[in-house]
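Subject: Structure handover and notes

Dear colleague,

Here is the structure I said I would pass on. My notes on what was found in it follow below.

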Amino acid sequence: NGAQGPAGSQGPTGPQGATGPAGSAAALTRYAGVAGEVTTSSTSYVGLGGPEVTVTVPASGTILVAASASSTPTADSGGAISLFEDGRQLDGQASDTICNGAAGVLFDVEATGTTVAFGTPGGPGFGGFCATVGPPGTVAFQTLPGRHTYELRYANDDCGCGTTAGFANRKLWVIPQP
């Protein structure tokens, strides 16, 4: 046997294969969580390090969102959490200050002197506040199709009961809907 010859040139690219089946909602779910405590005295929404997720919203323009955060024993004021899309507050959240001093509330976290988990949906819940206590449920939003980054932002509720809102164990799920 002789020595092996040089490799031949690459052949033409074959035809594109068929599109595979759509993935399940679980495969499309994006999740981010941030442990540790953050605080703010701002009555306007501010970013405090997420959580943040990037998803591709399908042609339907519909996403389901679930979010949660715990109160902190060191906070002396309740706080508001709002969902932002690409740096802008997402439409469809509470449009007035019925839940607290900041408009556009996804849900509230109340100062309880202990650690309590609050979450979506932001309807009447613990003590009449704008949150669910315990595991979060989903809230539907309508937006534009395409790739978007979603982030939770935070504000002091400005209720006159304290100066610092605290948030811990912050979690965000975004689930695109076909």
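A residue is called buried here when its relative accessible area is under 20%. By that cut-off Phe-84 is buried, because its relative accessible area is 8%. Please keep in mind that this is a predicted model.

The cores

The largest nonpolar core has 28 residues. Leu-83, Phe-107, Tyr-150 and Leu-172 are those with the most contacts inside it. Two or more residues come from each of β1 (30-40), β2 (52-57), β3 (62-70), β4 (79-85), β6 (107-109), β9 (139-142), β10 (146-156) and β11 (165-177). Another core, of six residues, lies apart from that one, and Tyr-45, Ala-80, Phe-84 and Ala-155 are among its members. As a general point, nonpolar side chains in soluble globular proteins tend to be buried together.

Which residues does Leu-83 touch, leaving out those up to four places away in sequence? The set is Val-65, Arg-88, Gln-89, Leu-90, Gln-93, Leu-106, Phe-141, Tyr-150, Glu-151, Leu-152 and Leu-172. Of these, Tyr-150 and Leu-172 are also listed with Leu-83 among the core residues with the most contacts.

Strand β3

β3 is largely enclosed by the rest of the structure, because eight of its nine residues are buried. It pairs with two strands that I want to point out. With β9 the pairing is antiparallel, over four bridges, and Ile-63 has Phe-141 as its bridge partner there. With β11 the strand also runs antiparallel, and eight bridges join the two. Thr-62 stands opposite Gln-177 of β11.

Ser-68 is a residue of β3. Its relative accessibility is 8%, so Ser-68 counts as buried. Beyond its neighbours within four places in sequence, Ser-68 is in contact with Phe-107, Phe-118, Gly-119, Pro-136, Asn-169, Arg-170, Lys-171 and Trp-173. One of these, Phe-107, is also among the residues with the most contacts inside the largest core.

Charges

How many salt bridges does a search of the whole structure find? The search finds one. The side chains of Glu-151 and Arg-153 meet in a salt bridge, with N to O at 3.0 Å. Both Glu-151 and Arg-153 are buried. The charged end of Arg-153 also sits over the ring of Phe-84, 4.3 Å from the ring centre.

Aromatic pairs

The count of aromatic pairs comes to three, and two of them are described here. The rings of Tyr-45 and Phe-84 have centres 6.1 Å apart and planes at 65°, so this pair is edge-to-face. Tyr-45 is in the loop between β1 and β2 and Phe-84 in strand β4, so the pair links distant parts of the chain, 39 residues apart. Tyr-45 is buried, with a relative accessible area of 15%.

The rings of Tyr-154 and Phe-167 have centres 4.7 Å apart and planes at 50°, so this second pair is tilted. Because Tyr-154 lies in strand β10 and Phe-167 in strand β11, the pair ties together parts that are 13 residues apart in sequence. Tyr-154 and Phe-167 are both buried.

Backbone points to check

Most residues other than glycine have a negative phi, and most peptide bonds are trans. The following places depart from that pattern.

- A cis peptide bond joins Gly-50 and Pro-51, with omega about 10°; Pro-51 is in the loop between β1 and β2.
- A cis peptide bond joins Thr-120 and Pro-121, with omega about -5°; Pro-121 is in strand β7 (residues 117-124).
- Asp-86 is not a glycine, yet its phi is positive, at about 50°. Asp-86 is in the loop between β4 and β5 (88-89), and its relative accessibility of 32% makes it partly exposed.
- Asn-169 is not a glycine either, and its phi is positive, at about 50°. Asn-169 is in strand β11, and its relative accessibility of 36% makes it partly exposed. Asn-169 is also one of the residues in contact with Ser-68.

Regards

Conventions:
Residues are numbered from 1 along each chain as its sequence is written. This is a predicted model: local features need pLDDT of at least 70, side-chain atom pairs count only at pLDDT 80 or more; totals for chains, interfaces and linings use all residues. Side-chain values use heavy atoms; hydrogens and water are left out. A nonpolar core is a set of buried Ala, Val, Leu, Ile, Met, Phe, Trp, Tyr and Cys residues joined through side-chain atoms within 4.5 Å. Buried means under 20% relative accessible area, exposed over 50%, partly exposed in between (1.4 Å probe, protein chains only). Contact means heavy atoms within 4.5 Å. Two strands pair if DSSP finds at least two bridges between them. A salt bridge is a side-chain nitrogen of Lys or Arg within 4 Å of a carboxyl oxygen of Asp or Glu. Rings of Phe, Tyr and Trp (its six-membered ring) pair if their centres lie within 6.5 Å; planes under 30 degrees apart count as stacked, over 60 as edge-to-face and the rest as tilted. A charge sits over a ring if NZ of Lys or CZ of Arg is within 6 Å of the ring centre and within 35 degrees of the ring normal.
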